[in-house]
Structures are given as C-alpha cells and as structure tokens.
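Dear colleague,

I am handing over the structure that we spoke about, and below it you will find my notes on what was found. Please read them with the model open beside you.

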Amino acid sequence: MPCCLVAALFMFGPRVVLFLIWILTNWFSAAYLTVLWPLLGFIFMPYTTMAYMAAMLNNHGTVSGGWLVLVVLAVLVDLGVWGGGSQSRTRLVRKE
C-alpha cells in the first residue's frame, strides 16, 4: 500500500503544485506566451513545466547554464515516470 501512495504522490503532486501556482500567482503568464504549452505540460510533463517556468522567471527569459541542466533533469524525470508506468503494466501482464 505505501508504494501506491508514493506513486500517487509522484503522479499528482506536481499537478497540484501547478494548479496552486496558476491560482495564486501570475508566473504562467510571465513564463509562457500561450496557454497551450502550460496546459500540455500539466497533462503530460508537469516536472518539466515547473522547471521551465522557474528557469524563465529566474534567468530573465532564457534557459541557460544551471537552469538548462534543471530542465533536462526534469524531462528525464517526466520520461521516467511514463516509462516506469509502462514497465509496471508489463510486469503485471506477465504475472497473470
């Protein structure tokens, strides 16, 4: 059971944070020019969306240096979350 709670936290935690940022601040409008990219990021890659937003806000509109490393790590984490889910489904199918 605790494993499921950790997985749920990793899946829904960043989306809750993004929702709170959207409600309480104007950071989305400062980091993104359209609504499309934050919406797609909310659905598919929330860690990358937060990292890119932090990079844009703290580096005066560019992604470079350490902020670029942060964005790349966030992409890898998001891809790992998607990939880990598919591996778990594959293991469940093989056990049955």
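In these notes, contact means heavy atoms within 4.5 Å. The model is a predicted one, in which local features need pLDDT of at least 70 and side-chain atom pairs count only at pLDDT 80 or more, while totals for chains, interfaces and linings use all residues. Residues are numbered from 1 along each chain as its sequence is written, and side-chain values use heavy atoms, with hydrogens and water left out.

I begin with threonine 48, which is found in helix H4; helices here (H or I, at least four residues) and strands (E, at least two) are DSSP runs, numbered from the N terminus. Setting aside residues up to four places away in sequence, threonine 48 touches Ala74, Val75 and Asp78. With aspartate 78 there is also a polar contact, side chain to side chain, at 2.7 Å; the term stands for a pair of N or O atoms within 3.5 Å, where within protein one must be able to donate a hydrogen and the other to accept it, and residues adjacent in sequence count only if both atoms are side-chain atoms. Threonine 48 counts as buried because its relative accessibility is 13%, given that buried means under 20% relative accessible area, exposed over 50%, and partly exposed in between (1.4 Å probe, protein chains only).

The other buried residues of H4 include Pro46, Thr49, Ala51 and Ala55. After H4 comes histidine 60, whose phi is positive, near 55 degrees.

Helix H1 has 23 residues and reaches 31 Å from its first C-alpha to its last, close to the 33 Å expected. At phenylalanine 12, shortly before proline 14, H1 has a kink of about 35 degrees, where the bend at a residue is the angle between axes fitted to the seven residues ending there and the seven starting there. Pro14, Arg15, Leu18 and Ile21 are buried in H1, and the buried residues of this helix pack against H2, H3 and H4.

The largest nonpolar core has seven residues, namely Leu18, Ile21, Phe28, Ala31, Tyr32, Met53 and Met56; such a core is a set of buried Ala, Val, Leu, Ile, Met, Phe, Trp, Tyr and Cys residues joined through side-chain atoms within 4.5 Å. Helices H1 (2–24), H2 (27–31) and H4 (46–58) each supply at least two residues of this core.

Finally, a search of the whole structure finds three aromatic pairs. Rings of Phe, Tyr and Trp (its six-membered ring) pair if their centres lie within 6.5 Å, and planes under 30 degrees apart count as stacked, over 60 as edge-to-face and the rest as tilted. One of the pairs, phenylalanine 19 with tryptophan 22, is tilted, at 5.9 Å centre to centre and 45 degrees between the planes. These two residues are separated by about one helical turn, because they are three residues apart in helix H1. Tyrosine 32 and tyrosine 52 also form a tilted pair, at 5.3 Å and 40 degrees. Tyrosine 32 lies in the loop between H2 and helix H3 (36–44) and tyrosine 52 in helix H4, so this pair ties together parts that are 20 residues apart in sequence.

With best wishes

Key
The expected span of a helix is 1.5 Å times one less than its number of residues.
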